[in-house]
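Subject: Handing over the structure

Hello,

Here is the structure I promised to pass on to you. Please have a look at it first, and then read my notes below.

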Amino acid sequence: MNTHEEITHYITLARACSISQDDAKALWWFRKAADLGSALAQYNLGEMYRNGKGVPQDDAEAVKWFRKAAEQGNANAQFNLGSQYRKGKGVPQDDAEAVNWFHKAAEQGNANAQNWLGLMYSEGKGVPQDDTEAVKWYRKAAEQGNEIAQFNLGSQYRKGKGVPQDTAEAVKWFHKAAEQGAELAQYALGLMYRNGEGVSQDNAEAVKWFRKAAEQGIVNAQKNLDQMKAEGIKVDKAEIKPLPKQRIAVTTSGAKNKKSSAEDRQLRGTNECNALLDACTPHLYMHNAFRLSGIPVDASTREIKRRIDDLKAAAEMGDLKNELIHAFALDPVPSLDQIRESAQKLQDPEQRIIDEFFWFWPQESGKKDKDSALRALRNCDYGSALKIWSDALSDNNAPTCIVAKHNLAVIYHLKALDAEQNALKSNLSAEKLFIISQDWRTCFKWWEELTDDEAFWSLVTDRIRIIDDPRLTTGFARRMRATLPEAIDKINAMLAIEFAESGKLSQATTHINYIKETNQGKDNVPRTLSIMTKPLKTRVTSAVEKALSMAKKEPTQAAKAALELLQAIESPLKVIQIMLPLADHERIDICDIVAEACLTCQIAYARESEDWTTSLEILDAASKYAASQETKNRLAENRTNVAAKKHLGPISYFCKTVSENVEKNPYSADKEAQSIINAAPQLLLNLSSENVPDELILRGKDQLALILMHCAVIFGNKTDKWKPCVKFLEEALKYASSQEVKSRIEKNLSTMKDNERLGDLSPISSAPSLSKFYGIGFSLYGSTDADHTTGSYLSTYYFTILFIPVLPICRYRVIPIENGYRFLAKAPLRAFDKWHLFISLALMALFAFNIMSENNSGKTYRSSPSSYNPSVSSPPPSYDNRSTRNNLALEIETGKTKAKQMETQIKDMDYRLDGYKRRLMSYKASGMTDEYNSLVPVFNSLVSERNYQYKKYKRLIDEVNENVRRYNLR
């Protein structure tokens with residue numbers, strides 16, 4: 001397992017532990033990944049130290065880890081580090097440094113950082129005050145959906161700061177923020193509608209938004225509602241709900257300073273009624289002691305004992321069923337043991353008050369026998385009871401009305417829950433499901449009204465006093481009131497889970513909607529759903545840990561581990577996805593760890609087996625669960641690589657075989673190149689018939705083009721036979737698809753065409769002499785085989801006598817330059833030149849033979865002494881070598897320029913070779929055999945090309961040095 005995979009493994013385990021709320025274990029795994037350099041793990045460690053999760057709270061340590069991650073470019077860490085500097089937590093307070101880190105995160109698209117950067121510019125903290133710049137950053141965050149930035153941007157438009165004043169635009173941004181729950185935006189909208197700013201004046205809309213803001217603790221919103229009511233504007237009483245404890249005020253720029261979630265949990269914990277939460281399950285009424293035994297809720301201890309004795313006697317006589325007759329009697333009849341347990345439960349004051357709470361109350365305490373509604377229930381006539389309680393609602397404030405509301409809430413709640421038990425066991429018609437939904441909505445209506453009714457809770461408190469048990473205080477009623485909305489939510493959450501697990505997803509969704517629609521502002525829906533799904537999340541994380549453990553110990557079994565994981569999490573994860581909102585961080589995390597665990601298993605399995613088909617199946621199944629964009633991208637990237645290995649396998653194997661053959665015998669590279677040309681069409685046809693993506697077909701073409709280029713380069717460098725190599729590269733160019741591959745082939749093709757143009761010429765180390773003395777020396781004559789591309793031609797190099805070309809020595813390809821020539825290469829003599837040489841030598845031999853013959857005949861010539869007149873010979877004509885030195889100087893400068901150009905080319909090749917070496921080492925270390933084998937031919941081709949260019953460079957340097965030497969001699 002390489003470092004990257006180890007990091008992924010540790011982070012997956014850490015996130016699984018975090019979801020299971022095992023913070024200490026999560027911290028341990030995050031630390032292992034952080035020590036290996038993971039920015040994501042370092043950021044998470046900083047979060048845990050900042051929030052005191054799994055470790056004592058430590059801002060300095062948080063800053064340390066945030067900094068490590070931030071310096072690696074993690075945007076969230078950069079934002080958090082900026083926040084620490086802004087607050088002066090763990091570091092000295094420094095607005096300028098805060099702005100620095102906010103800038104880095106904002107430029108990466110972090111919406112929170114963009115909003116805070118806008119705030120810093122707006123207030124001139126750490127930067128010069130600049131409303132235009134503030135608006136720029138507010139807008140970036142607002143367009144990403146950040147509700148605080150949306151409010152801030154609306155405020156800028158309303159005030160005309162940094163933008164022209166535009167109240168209509170302000171309303172637009174306030175609306176966006178308010179719909180996401182931003183309380184200040186809701187209050188601002190109320191004001192805009194109240195005053196007709198940017199919108200038509202609308203009191204109803206103003207009331208709506210003031211109410212929403214008031215429910216979130218905005219005192220001024222409540223004051224506006226009271227004032228509107230005093231002005232005679234209709235403000236429905238039911239709309240104005242009791243304000244929760246006023247929260248800490250927000251800043252003038254709209255940044256929230258809410259209590260932390262940990263503080264919220266602690267506050268709720270002190271007000272929670274655990275007994276009520278425990279009792280509220282889908283079987284709430286099935287286990288109700290008063291329903292099981294038929295005992296009235298205000299029965300005395302003596303009456304309860306007498307009733308239990310009667311039931312015992314009836315059970316002994318086999319007549320228990322007739323003894324338990326009432327409107328909501330259970331069928332089948334409860335056993336005597338269940339009844340005894342019920343009687344025992346009534347001895348616990350907390351459990352008794354809860355069972356009383358969820359059963360029918362008499363209109364007047366102590367007068368149960370005279371209560372006509374309860375009498376109707378005992379006679380199995382719940383319709384009459386329903387009518388009596390409905391009629392009692394007309395007297396709004398009377399105790400009878402309050403009791404009637406309570407009993408209506410109970411009866412509809414009971415009916416709904418009984419019907420849901422049938423719905424779980426069988427498929428009900430749409431009509432019956434509609435009736436159940438009506439019962440639910442009716443009971444919710446009454447429970448919500450009772451939760452806000454002080455008189456109702458006074459009755460509950462009075463009942464606690466009547467029981468008069470020291471174990472039960474009136475504070476129990478207060479806790480029941482605070483907990484009731486979430487307790488009722490819990491029942492629907494449990495039903496949602498049961499329906500989802502039984503495959504009835506629409507009914508599960510219905511119960512989730514009930515939770516969201518009811519008790520708004522009084523319950524904590526995310527918390528309830530999080531608690532209810534905790535056992536499901538534990539099942540998922542356990543399955544993830546098991547799969548990862550198997551993959552690490554036995555990589556060959558990693559595919560099996562992944563498939564078993566997917567099977568194990570299918571049901572619980574489906575329920576979690578239904579229960580938790582799409583953007584819920586716990587849902588995102590739990591889905592991501594499943595996807596990442598499958599990815600880890602797939603990588604481990606593929607490395608051992610190279611079974612790409614199974615690998616694709618695992619990745620495709622895992623991609624259904626990936627939630628965050630980061631995880632989706634990783635899966636998509638890996639899937640692309642695996643798909644390439646699967647579909648391009650035959651091409652990769654073929655290219656690998658060709659490369660191996662060429663390495664063994666470079667002189668056979670032309671035959672291997674021809675085999676590529678022959679096989680390529682069928683290989684690509686097979687690829688197309690598999691319906692693979694066009695991207696993979698193009699990658700296959702590039703592979704074939706590169707290996708063909710490799711063969712051409714190897715063969716040309718070994719044999720100097722460039723003509724077939726040019727044809728190979730022209731064929732390779734037909735297959736090349738990416739611009740990079742095309743450029744490389746075109747560059748090699750240009751070089752090979754130059755080499756082909758030179759044909760069978762030989763390189764020269766220095767230019768030959770063209771000097772003559774009295775017409776005796778060396779010169780060039782003739783021009784053939786002109787090359788218009790280079791401006792060169794072939795000319796014959798002669799030994800001259802009296803300026804007459806006598807002996808042809810060789811031929812050169814030259815380029816005429818001022819006062820001379822530039823010599824490119826040496827060529828063999830033509831047949832004509834050879835005949836010329838033969839004839840010249842023959843004549844010279846004949847001339848020498850004649851002279852020798854004359855000497856042998858004894859005829860000598862002696863000059864007469866008298867006739868000898870010594871005289872001073874005239875000096876030889878002066879020889880001006882200035883033009884030759886000019887030619888040499890020009891050739892030297894031309895050579896230097898070309899040498900510099902070649903140096904640049906060679907350095908560029910060396911840079912590319914270093915990059916290829918690093919990639920090859922990485923592929924080898926990661927076990928990426930196919931990628932390694934695909935790159936080797938490319939690397940070798942470039943090495944050959946580089947060596948060839950270096951040889952030409954060395955020859956050029958030698959030519960320049962020789963010209964310098966000759967120049968200095970003149």
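Let me begin with the overall form. The chain has a radius of gyration of 47 Å, but a compact globule of 970 residues would come near 30 Å. That radius is taken over C-alpha atoms, and the globule rule is 2.2 Å times the number of residues to the power 0.38. Along its principal axes, the C-alpha trace spans about 180 × 70 × 50 Å.

Two notes on how to read the rest. This is a predicted model, in which local features need pLDDT of at least 70 and side-chain atom pairs count only at pLDDT 80 or more, while totals for chains, interfaces and linings use all residues. Residues are numbered from 1 along each chain as its sequence is written, and side-chain values use heavy atoms, with hydrogens and water left out.

The build of the chain

You will find 40 helices and five strands in the chain. These are DSSP runs numbered from the N terminus (helices are H or I with at least four residues, strands are E with at least two). Of the 970 residues, 46% are buried; buried means under 20% relative accessible area, exposed over 50%, and partly exposed in between, with a 1.4 Å probe and protein chains only.

Take the contacts (heavy atoms within 4.5 Å) between residues at least 6 apart in sequence: 63% of them join residues at least 24 apart. The chain exposes about 48700 Å², and carbon and sulfur atoms supply 51% of that area. Accessible areas come from the Shrake-Rupley method with a 1.4 Å probe, and for residues only the protein chains shown count as cover.

As for charge, there are 130 positive and 124 negative side chains, and the centres of the two sets lie 6 Å apart. Lys and Arg count as positive and Asp and Glu as negative, while His and the chain ends are not counted; each charge is placed at NZ of Lys, CZ of Arg, CG of Asp or CD of Glu.

The mean pLDDT (the predictor's confidence in each residue, from 0 to 100) is 84 for the chain, and 90% of its residues reach 70 or more. Over residues 237-270 pLDDT stays under 50, and the model has 57 contacts beyond four places in sequence for them. Residues 858-883 are also below 50, and that stretch has eight contacts beyond near neighbours in sequence. Where pLDDT is low, the predicted coordinates should not be read in detail.

Is Gln186 buried or exposed? With a relative accessible area of 4%, Gln186 is buried. Gln186 lies in helix H11 (residues 183-195), and beyond residues up to four places away in sequence it touches Ala178, Gly181, Trp209, Lys212, Ala213 and Gln216.

Lys742, in helix H37 (residues 739-758), is partly exposed at 28% relative accessible area. Leaving out residues up to four places away in sequence, Lys742 touches Leu733, Ala736 and Ser737. Its C-alpha is 8.8 Å from that of Ala705, 37 residues apart in sequence.

Several loops are worth a stop too. Between helix H18 (320-323) and H19 sits Pro332, which is joined to Asp331 by a cis peptide bond with omega about 10 degrees. Asp348 is in the loop between helix H19 (336-345) and helix H20 (349-357) and counts as partly exposed at 30% relative accessibility. Asp348 and Leu472 are 124 residues apart in sequence, yet 9.2 Å apart in space, C-alpha to C-alpha.

Asp468, in the loop between helix H25 (454-467) and helix H26 (475-501), has a phi near 55 degrees, a positive value in a residue other than glycine. At 64% relative accessibility, Asp468 counts as exposed. Glu610 also has a positive phi, about 55 degrees, without being a glycine. Glu610 is in the loop between helix H30 (585-609) and helix H31 (612-623), and is partly exposed at 45%.

Asp94 and Gly782 are 688 residues apart along the chain, and their C-alpha atoms are separated by 84 Å.
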